[in-house]
Amino acid sequence: MGVADGVPGVVPANLEKLLGFGRSFSFWPLLFGLACCSIEMMATAGPRYDLSRFGMEAMRASPRQADGMIVPGWCTVKMAPRVVRLYEQIPDPKWVLAMGSCAISGNIWNTYHVVQGIDALIPVDVYVPGCPPRPEALWDGLEMLRERIKQSRHAYDGLQRIPAREIVGE
Amino acid sequence: MISPSVDLLIQFGVMFAVGAGMGLALMFISHVLAPGSVNPNKSIAYECGVLPTEDARKPWNVHFYLVGVLFVIFDLEAVFMYPWAVALREVGSVALGGMFFFIFLLLVGFFYEWKKGVLRWE
Amino acid sequence: MGANGENIEIPGAVKTVFAKLEEEFGERLLDSSLFRGELTFVIAPGDYLDILTFCKESEDLKFDRLDCLMGNHFPEREDKPFQVLVHLVSQPNNTRLRLKVLLAEGEKLPTLSGLWRSADWDERETWEMYGIEFDGHPDLRRLLTVSDLEGFPLRKDFPLEGTVGGRVRTNLKGKI
């Protein structure tokens, strides 16, 4: 487990595997819905495609209690600083899933008010394309995310700056 | 088996030590094992992603205090009733009369607060 | 007459509104049209406040609610490219009315926030999207967009594709 792959810590590899295994079964995302993709996220949390099987039905309203974010929908320029602040308030280790084309690249909104993909602001682990992605597609993306959590692989490490801070230069 | 009371003391001490030790150990383990990073936004209060506009410490309606005080009084009355209910059969009608007198005293206070309008939230 | 030529019953309340406004203002109503029971008048910016005050305060008309106020931009009309559209609703009489004002570039209108409080935010949005100013407005500033945006987005000559600020489209410095 190198520094680029995961968050630096003092944990030996076997223990890290055990911790990752435990964390993957109760990833609590932040209750965060920006646009239409949140309806599909809510549908995934509904009874037919049940998020509760993965332990993810506990979507936390406060970032302090969350393990990561699922970002469904486009991020406007007015919302961008708030997304960054919420991301930074989530304690480590954290993962981000960009759901839907708008969160990946801005989709058809190549305009003055939509951020062209939230990976210009925060590091993203899994991208789930679609407009909106069906619950099965989101489920596939969450399986990939759980694999990453199990292996304790992150898209960032605590020593680097997130893209939004790189841009601002702080 | 030193003596009964010292035995009990030792048992209590062991229980206290294990309980406190377990709590401290869990906190220490998670502090060591969990990764962490520092950024300015982690130390401010959470307010849905915007900067907090004001402190939560501000004057509150004093009626909350009155309701809280009354709750404590009547809750303790209920607490006194539990052992009385358990021992009533052995003690008999003396206990019954005593409890009725106790309830009557608190009932006077209840009527006073009722008439004073404490139960009506303005 | 309806769109296919059949006779559509014009509600009596609409006839009353038409008759009252014609009687009071006559010449100052530049144009009128009736389409499927919806009455529209075109008025001049100078008569804007008078006519709208009459609509609100007259006993027969009683337009007590401003449904919405919005702007529009027609660059092909060279002399008066902007217009403001006002939708009024009369709840006691159950009628609606639409008033159009054609404006030249830079022409201002008096504010309606003295008559209907909801005009406050409608006029702020119209100003930030089209640049149409309202005299006497208590607080004319941006409502929906970020404070450092330059230009008026809903004008037809505002670029459709984002051209400023890279992927993030705004300057985040000092905001995070």
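**Figure 1. Order of elements in chain A.** Helices (H or I, at least four residues) and strands (E, at least two) are DSSP runs, numbered from the N terminus. On this basis, chain A runs α-β-α-β-α-β-α-β-α-α from its N terminus, with 6 helices and 4 strands. The radius of gyration, taken over C-alpha atoms, is 15 Å for chain A, close to the 15 Å that the globule rule gives for 170 residues, so chain A is as compact as a globular protein of that length. The globule rule is 2.2 Å times the number of residues to the power 0.38. Along the principal axes, the C-alpha atoms of chain A fill a box of roughly 45 × 45 × 25 Å.

The model is predicted: local features need pLDDT of at least 70 and side-chain atom pairs count only at pLDDT 80 or more, whereas totals for chains, interfaces and linings use all residues. Residues are numbered from 1 along each chain as its sequence is written, while chains are lettered from A and ligands numbered from 1 in the order in which they are written.

**Figure 2. The largest nonpolar core.** A nonpolar core is a set of buried Ala, Val, Leu, Ile, Met, Phe, Trp, Tyr and Cys residues joined through C-beta atoms within 7 Å. A residue is buried if 20 or more other C-beta atoms lie within 10 Å of its own, exposed if 12 or fewer, and partly exposed in between, with C-beta atoms placed from the backbone. The largest core has 47 residues, of which A:Ala80, A:Val83, A:Met99, A:Ile118, A:Leu121 and A:Ile122 touch the most other members. At least two residues of this core come from each of several elements of chain A, including helix 3 (80-89), strand 3 (95-99) and helix 5 (135-150). Of the 170 residues of chain A, 46% count as buried.

**Figure 3. Surroundings of A:Ile118.** Two residues are in contact if their C-beta atoms, placed from the backbone, lie within 7 Å. Leaving aside residues up to four places away in sequence, A:Ile118 touches A:Val71, A:Cys75, A:Val83, A:Ala98, A:Ala103 and A:Val124. Among contacts in chain A with a separation of 6 or more, 82% are between residues 24 or more positions apart.

Figure 4. Two strands pair if DSSP finds at least two bridges between them. Strand 1 (residues 29-35) and strand 2 (residues 38-43) of chain C run antiparallel and are joined by 6 bridges. C:Asp31 stands opposite C:Val42 of strand 2. The hairpin has 2 residues between the strands, and C:Arg36 takes a positive phi near 50°. Chain C as a whole has 3 helices and 7 strands, in the order α-β-β-α-β-β-β-β-α-β from the N terminus.

Figure 5. No contact joins chain B and chain C, whose closest C-alpha atoms lie 8 Å apart.
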